[in-house]
Structure formats: structure tokens, C-alpha cells
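Below are some notes on the ligand site and on one surface patch. Please read them alongside the structure.

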Amino acid sequence: MIENVNLYCAAISLLVAAAVWKIYSKDNPNDNKFKIKPMAPMAKKETEEVGGDDIISKMKAKGRNILVLYGSQTGTAEDFSAGLAREAHRYEKMKAMVVDPEEIEYEDLGRLSEIPNSVLVFLVATYGEGDPTDNTQTIYDWLQDEEHDESLFEGQKFAVFGLGNKTYEFYNAMGIYFDKRLVELGGERIVDLGLGDDDANIEEDFNAWKEQFWLSVCRTFKVNRKETDGTIRQYKLNSEFNKNRVFTGEVVRFNSHKNQRPPYDSKNPYYAKVVVNKELHNGGDRSCMHIEVEISDAKIRD
Ligand SMILES: Cc1cc2nc3c(=O)[nH]c(=O)nc-3n(C[C@H](O)[C@H](O)[C@H](O)COP(=O)(O)O)c2cc1C
């Protein structure tokens, strides 16, 4: 008896499936709209050859001539650097690269002059008792080395903007130092040292300096501002790409989600590990979670 019922159910199921197939397989003129077609193979990516891992080779490979190095603790100098670099494409032959000084070999900087029309730009904030930011501590130590050849930056065009606050005793000590030291090492200042005061309006200070900077770039390298302003963007679709170079929502520093580095704040969030995650109610329709996160490595102060 049970076998007969099973056979009957199976027959009904087959009939229903056949009817459904019949209805959806009818020749419908709109069918094509919903068909998934295999995509035509896309053009092969024109790979950008990077001659080596050092910063100068990277700049050469990417056709950049302005190197912007920033010293930032809470992001202002870093934001300003990005803004300055974005404006470079408005000028003939100018393309900038913004880099965290911690990510380069300082000895390579002396070779920047190998790049035609190159400019070395420092945007550096001052902290503590006239101290560098965490990410400029090592380059600051390196610059102070008395052993440096005085022609280390011979003829290298450079510009410095310092970020500080007049209420501190050592106002803009870092900007002042970088500017002075680059001259001592043979660098050629193309615009007066800019000093931004966070106690007044540091954006205004920076914009005024930036204007002078670009005027000087045009004068020094005999280039003009482009008529189109360089704002028309063109995009190319690449089928092959390096997954490590994909933007994944980092606000300030590329790859900051993976390569975590303090100080952490809203723009550079710390990814804390959830160590306890449990429901405090047993059954019923109420819910209350007990969650603990591990922040001992975050160096977040109370
Ligand atoms: C704890 C602290 C210490 C600071 N020390 C100095 C200082 O000694 N001299 C100075 O000119 N500015 C000082 N400043 C001001 C910063 O340099 C200024 O706010 C700058 O814009 C910060 O840039 P950033 O956001 O890129 O880190 C200090 C700011 C803070 C919060």
C-alpha cells in the first residue's frame, strides 16, 4: 500500500516538473533578455613594468616626478598631501606620488634628481616638544646624521610645509628643521617654507602656500597649467588585476585594513578581535549579547 502511494507521488511530481518546463521553455520573444550569455574574452592587460621595488624606480615606471612625503599623526598632513598630489595633473608634465616615509629607503631619495623636473615635497607636523610624528621619526633621525655628504640633495628641487600650532613652545619645529636641513644637504628650495597654524586656520595657510608652490613649479620648470584642467577622466576595463591593489574602503591609507598601524582613529580604525560573544538569555524572545573585544595591541589610551 505504502509503495503504491510513493509511486503515485513520484508520478505527480514528474507531471508537475514537465508542465513547469513546458511553460518556461516556450518560444518567448523576450527570452533573450534573461539569458546569461558567455562574455567575450576581454583584452589582455597592458602591464606596467616596475623596474624595481625602490621608490625611484616606481616613480619612473609610473611617470611621476613629484614625491610628496608626509609626517602625520592625526591625518591632516596626509590629507593635505593627497590634495596637493591630486592637483598635479592640472599642470603640464606634472604627476605626483604621495608616500609614507616609513615605506621607503631614505638613501634612494638622493637619486630623485634622476627624474626630470622632479620635486621633493615634505608636509610635516610637529608634536610633543618640537618632535616629529611617529612616521617621520626615522627619516628625521636619518637626516640628522652628521656623516651625510653635503651634496646628498645637490640641486634637488624641494618644498616644505610645516603643520603646527602657535600655542606650543616649539612652533612648527619639524617644518623648520626639514627645510633648513635640505638646504644644508644641497637641496634647492623652490618656494618659501610654509607654516600652518592649527590654532588659526591651517587649511587657509595650506591653500595660500599651495598656490605659491604651483606658481613656482610653473616658473621653475617652464610649464603651464593645462587649459582642460586635466579633470576629464578616462577609464580602462582590465580583466586581470592584482587583488592586493584593490581599494577596499580604506579612508586614508591604502591597505590600512590589512597592514594595521597606530595611531587608530575614525579614519584608521583598529580591527579588534571579538574574544567573547555570547547570548545572555536562554530561550524566550528576548536577546542580550555579551561581547568582549581585545584592544591590548591597539595602544588606545583611556
Ligand atoms: C599632543 C599634541 C602636541 C603638539 N605639539 C606641537 C608642537 O610642539 N609644536 C607645534 O607647532 N604644534 C604642535 N601640535 C599641533 C599639531 O602639529 C597640529 O595640530 C597639526 O596640524 C597636526 O597634524 P596631523 O593631523 O597631520 O598630525 C601638537 C598637537 C598635539 C595634539
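1. The ligand is surrounded by 20 residues, where a residue counts as near if one of its heavy atoms lies within 4 Å. Ser72, Thr74, Thr76, Thr126 and Asp198 are the closest. This is a predicted model, in which local features need pLDDT of at least 70, side-chain atom pairs count only at pLDDT 80 or more, and totals for chains, interfaces and linings use all residues. Residues are numbered from 1 along each chain as its sequence is written, and side-chain values use heavy atoms, with hydrogens and water left out.

2. The shell around the ligand holds eight nonpolar residues, 11 polar and one charged; Gly is counted as polar here. Helix H4 (76-87) and strand S4 (157-164) each contribute at least two residues to this shell. Helices (H or I, at least four residues) and strands (E, at least two) are DSSP runs numbered from the N terminus.

3. Backbone atoms also face the ligand. A backbone N or O atom of Ala77 is 2.8 Å from a ligand oxygen atom, and one of Asn165 is 3.0 Å from a ligand oxygen atom. For Asn172, a polar backbone atom lies 2.8 Å from an oxygen atom of the ligand. Taken alone the ligand exposes 650 Å², and the protein buries 83% of that (Shrake-Rupley method, 1.4 Å probe).

4. Away from that topic, Val274, Met289, Ile291, Val293, Ile295 and Ile300 make a nonpolar surface patch of about 540 Å². Strand S8 (residues 289-294) supplies the largest share, three residues.

5. Ile300 sits in the segment after S8. Ile300 counts as partly exposed because its relative accessibility is 48%, between the limits for buried (under 20%) and exposed (over 50%).

Note on methods:
A polar contact is a pair of N or O atoms within 3.5 Å; within protein, one must be able to donate a hydrogen and the other to accept it, and residues adjacent in sequence count only if both atoms are side-chain atoms. Patches are made of residues with over 30% relative accessible area and no salt bridge: like charges are joined within 9 Å, nonpolar side chains (Val, Leu, Ile, Met, Phe, Trp, Tyr) within 5 Å. A salt bridge is a side-chain nitrogen of Lys or Arg within 4 Å of a carboxyl oxygen of Asp or Glu. Buried means under 20% relative accessible area, exposed over 50%, partly exposed in between (1.4 Å probe, protein chains only).
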